[in-house]
Amino acid sequence: MTEFLQALILGLLIGGVYALLASGLTLIFGVMNVINIAHGAFLILAAFVTWSLWRAIGLDPLLAILLLTPAMFAFGWLLYNATIRPIRKAPPAASVLLTFGVALFLEGIMGVIWGNTSHSVRPSYANDSFNIGELFLPKAQVYGGLVAIVVLASLYLVLTRSWLGRAIRASAVNPQGAELVGVNVASVAALTFAIGVASAGAGGAIASVLYPFLPGSHYQWIARLLGIIVLGGMGSLPGAVIGALCLGVAELMTVTYIGPEWATGVPYAFVFIVLLLRPQGILGTRLRQDVATA
Amino acid sequence: MHKLRWLVLALLTMAALVAGACGDDDDGGGEAGGEAVKIGASLPLTGEFSEPGKAAKQGYEVWEAMVNEKGGLIDGRKVQMVIKDDQSNQNTIVADYNALISRDKVDLLLGTFSSLLNLPASAVAERNRMLYVEPAGGAPELFERDFKFLFFAQQATADKQGEVWANYITELPEAERPKTAAYPTLDDPFAQPTSEGIEEIFSKAGIKTVYRETYTIDNPNLDGIASALKARNPDVVVHGATFEDGVGMVRALRKANFTPKILYQTTAPSLGDQYSKAIGKDTTEGIFYAVSHSKEASTPGNEDFVAKYQEMFGGEEVPEDAADAYATAQVLEAAVKAVGTIDRERQLELADWLRENEVDTILGPLSWDDLGRPEGEFLVGQWQSGVPEIVLPEEAATSDEILPGWRPEGPG
C-alpha cells in the first residue's frame, strides 16, 4: 500500500510539473491553431538561462522564475511578430514546419552558447524530501508542483475573469465573431503566444532542477507534451492538467509495477486507448472554429 | 503561391540548419605536410557522451604530442590526428569513419568512446580491413562478431568489469556479507552486462536478487526506482549507470531517504571531480566502482603521461577516459613499431601481432584473446574522504583501508 501511495504521490507531483509545461502549448493551439513544435526548445532555453543565473550569481531557480517569465513573454511576443504573424492565415502544416525550424534554430544557438553537454541545476534542496511517515515528497517536485498550481491558477483566472481572457476565448471559439465585436484578433494571438512562451519560461526553470538537459532534449519534451495535450483534448487548459496528471501517474505506476523500461511506452499506449474511445481527448470538444474555418 | 513560398522558406531554413549542425573536422594540431602519419578517429565531442568524448580527445592529443616529441611514430614520420565529432550519434559515426578512410585517407584508425558507438564504427573498420583499437567499448556483443581487426584497450570486457569487486564482497566474513542485492540498470550495452556479471557472481554466492530492472535514458524516472528500491530494502545496490543517471540515482536515493549498506555504480564515480561536485563531496563517501586507470599507478610511462596531461590541460585531475585513450594509442604504437608498417594492405599483420603479444601500457600490461577481448582485471575504486582511491587489487591500492559501505553523511 505504501508503495502504491508513494507512486501515486510521485506521479501526481511530476504530473503537476508536466501540466505547467503543457499549459502554454495547449493555449497556443486552442487560440491560434498553431502546433508549436518549438515549445520544448523554449523550455530548454529557459532551463539554460536558469542554469546560467544559478551558476553566475547563485540565483535560486524558483526566484529565477520571476525574471524568466517576463523575459520569455517579451521573447515570445517578438518571435510571434517576426515569424508566425506572417503565416497566420496559412494552414496548420505551415506552422508545424515553421516552429520546427525555430526549434532547430534555437537548438543550434543553445549548442553554441552552452555547448552540447548535459547540464542540471542543483539548489540546496535538490536532494531533500518532506517526509510523511513512510512516504517521501521530494522538495524540488513539491515546489515545482506549487509553482505549477500558481501559474495554472493565474492563467485560469486571466482566461475567465479578465477582458484579455474573454478576448482570447472569443478569438479561440470564433475569430470572425470576435473581430466583429471589436477584438483585435491578431494582437490577442500575439499576446496568447507570448503568454504560452512565458509559461514555458516558468516550466523550464522548474524542469532544470528535476531533469538533466542538453540542447537536443527538446525533442523528448515536445513528444511528451504533445501526448499530454492530445490526451487532455487539444486546446483545453483543464484537459491539459488532467492529461498531465494521468500521464505522470501512468509513468510512475509503470515504473513501480511493470518495469522502468516500459515507462515511455505504456503511458503512450494509454493515450492511444483513450483516443480510440474518445478521439477528441478527455475534455476536448469540437470547437466552433473547426466549423467556421471549414 | 504565397503559402508555397513560406513552405519552401521553412524547408530551406531547416535544411540549412541541419547541414550546419553536421560535424566539424578538427585536425588536432598535428604536423602539416605529406610526411605525417594521419591517424583518424571520430569521438562524441557533443551530445550525451560528450564528457568522456572530450576526455578521450585529450588523451589522443597527449599521445600525439609525446610521440612527436620523441621523433615520430615510424621512419621519423610524425603523427597528425584527424578527429571528427560524431555528436554521440550512431549514424554520424558510420559516416565519419567512412569519410576518414576514403576522403581523409588516414593511415591508421583509433576507436571512439562507448560500446554504443564502437559497435557500428568497428564494423566500418573491419569492412575496410583496418586495425581498430578502441578505448571504451567493453560490451561483450562487440566481440561476438568474429572480427579480426578489433581490440579493446582496457583490462576486461564489461561482463568482467565488476569481477574483482564482486569476489571481494562474496569473500567478506559471514556477518558483513550482504544477503540481498538490487540491480537497477540503464539500457546500455556496457552498463547492463557489467551488472549482470556481478549478479552472476553474487547469485552463486547466495546473495539474493530482490530487484532487477532496466530503464531507458530518455525516461529514467529515478524517483520511482528509488522508491521501489526502498520498498525492497536490499543490502547492496549495484547500479549500471553512465554519468547523468548515476548522479540522478544517488540524488533519488537521498530524496527517498534510502541508504543501502553498499553502493556500487558503473562509470559515474570514475569521473572524478565532476561526480563529487554533482552529488556533493560528503555523499560520495564509500561508493564503489571499477576503474581502469589510477593517476598514482606505477605502470611504465604513467608518470610521464600524467605530467604531460597536466602540462597541456592543467588541473590536478586526469580523467580515466583520457588515460584509456592514451593507452589505446600506446597499443597501436606498439603494434606499428613491432611490425614496422602502416601500410593499409598489411593491417592484418598488426592485428595478428597484437593477438600474440602483450603490450605495456599506462593501464598495466594488456593482452588479448583471438577475438580481441582483453584478458586482465579491472581496478576497484572507492571514494574516501572526497578522494577517489584504488582499493583493490592490493598491489595497486592507493589506500590501505576499504570502507565497509556507503556513508552519504560523509566521513567521521
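This is a predicted model: local features need pLDDT of at least 70, side-chain atom pairs count only at pLDDT 80 or more; totals for chains, interfaces and linings use all residues.
Visitor: Is the crossing of α9(A) and α11(A) left-handed or right-handed?

Guide: α9(A) passes α11(A) in a left-handed crossing. On the α9(A) side the contact is made by A:G227, A:V230 and A:L231, and α11(A) brings A:Y268, A:V271, A:V274 and A:L275. By class, that contact has 6 nonpolar residues, 1 polar residue and no charged ones.

Visitor: Why might the residue numbers in a helix contact be spaced that way?

Guide: An α-helix has 3.6 residues a turn, so residues three or four places apart point the same way. With that in mind, look again at A:V271, A:V274 and A:L275 of α11(A), which belong to the contact with α9(A).

Visitor: Which helices of chain B pack at an angle of about 30°?

Guide: α3(B) and helix α4 (residues 115-127) of chain B do, with their axes 9 Å apart. These two are therefore roughly parallel to each other, and their crossing is right-handed. The contact uses B:Q90, B:I93, B:V94, B:Y97 and B:N98 of α3(B), together with B:L116, B:L117, B:P120, B:A121, B:V124 and B:A125 of α4(B). Its classes are 9 nonpolar, 2 polar and no charged residues.

Visitor: How long is helix α8 of chain A, and how many of its residues are buried?

Guide: Length can be read by setting the span against the value expected for the residue count. Helix α8 (residues 185-210) of chain A has 26 residues and reaches 37 Å from its first C-alpha to its last, close to the 38 Å expected at 1.5 Å a residue. As for burial, α8(A) is mostly covered, with 24 of its 26 residues buried.

Visitor: What should I look for in the backbone angles?

Guide: The background is that most residues other than glycine have a negative phi, and most peptide bonds are trans. In chain B, B:Q87 has a positive phi, near 55°, and is not a glycine. B:D146 is another non-glycine residue with a positive phi, of about 60°. There is also a cis peptide bond, from B:L392 to B:P393, with omega near -10°. B:P393 is found in the segment after β15 (387-392) of chain B.

Visitor: Where are B:Q87 and B:D146, and is each buried or exposed?

Guide: B:Q87 lies in the loop between β3 (79-85) and α3 (90-102) of chain B. B:Q87 counts as buried because it has 24 C-beta neighbours inside 10 Å. B:D146 sits in the loop between β5 (132-134) and β6 (150-152) of chain B. With 9 other C-beta atoms within 10 Å, B:D146 is exposed.

Visitor: How do I read separation in sequence against separation in space?

Guide: B:K308, in helix α10 (residues 302-313) of chain B, is 242 residues from B:M66 in sequence but 7.9 Å from it in space, C-alpha to C-alpha. Leaving aside neighbours within four places in sequence, B:K308 is in contact with B:V62, B:A65 and B:M66. B:K308 counts as partly exposed, with 18 C-beta neighbours inside 10 Å. For another case, A:N81 is in helix α3 (residues 61-84) of chain A. The C-alpha atoms of A:N81 and A:G111, 30 residues apart along the chain, are separated by 25 Å.

Visitor: How many residues does each chain give to the contact between chains A and B?

Guide: Chain B gives 36 residues and chain A gives 37. On the chain B side, the elements giving two or more residues are α1 (2-21), α2 (50-69), β8 (208-215), α7 (222-232) and α8 (243-255). α1(B) gives the most to that side, with 11 residues. By class, the side of chain B that touches chain A has 13 nonpolar, 13 polar and 10 charged residues.

Key
Residues are numbered from 1 along each chain as its sequence is written. Chains are lettered from A and ligands numbered from 1 in the order in which they are written. A crossing is left-handed if the near helix is turned anticlockwise from the far one by less than a right angle, and right-handed if clockwise. Helices (H or I, at least four residues) and strands (E, at least two) are DSSP runs, numbered from the N terminus. Two residues are in contact if their C-beta atoms, placed from the backbone, lie within 7 Å. Ala, Val, Leu, Ile, Met, Phe, Trp, Tyr, Cys and Pro count as nonpolar, Asp, Glu, Lys and Arg as charged, and the others, Gly among them, as polar. The expected span of a helix is 1.5 Å times one less than its number of residues. A residue is buried if 20 or more other C-beta atoms lie within 10 Å of its own, exposed if 12 or fewer, and partly exposed in between; C-beta atoms are placed from the backbone. Axes are lines fitted to C-alpha atoms, for helices over the stretch in contact, and angles run from 0 to 180 degrees between N-to-C directions. Angles under 35 degrees count as roughly parallel, over 145 as roughly antiparallel, 65 to 115 as roughly perpendicular and the rest as oblique.
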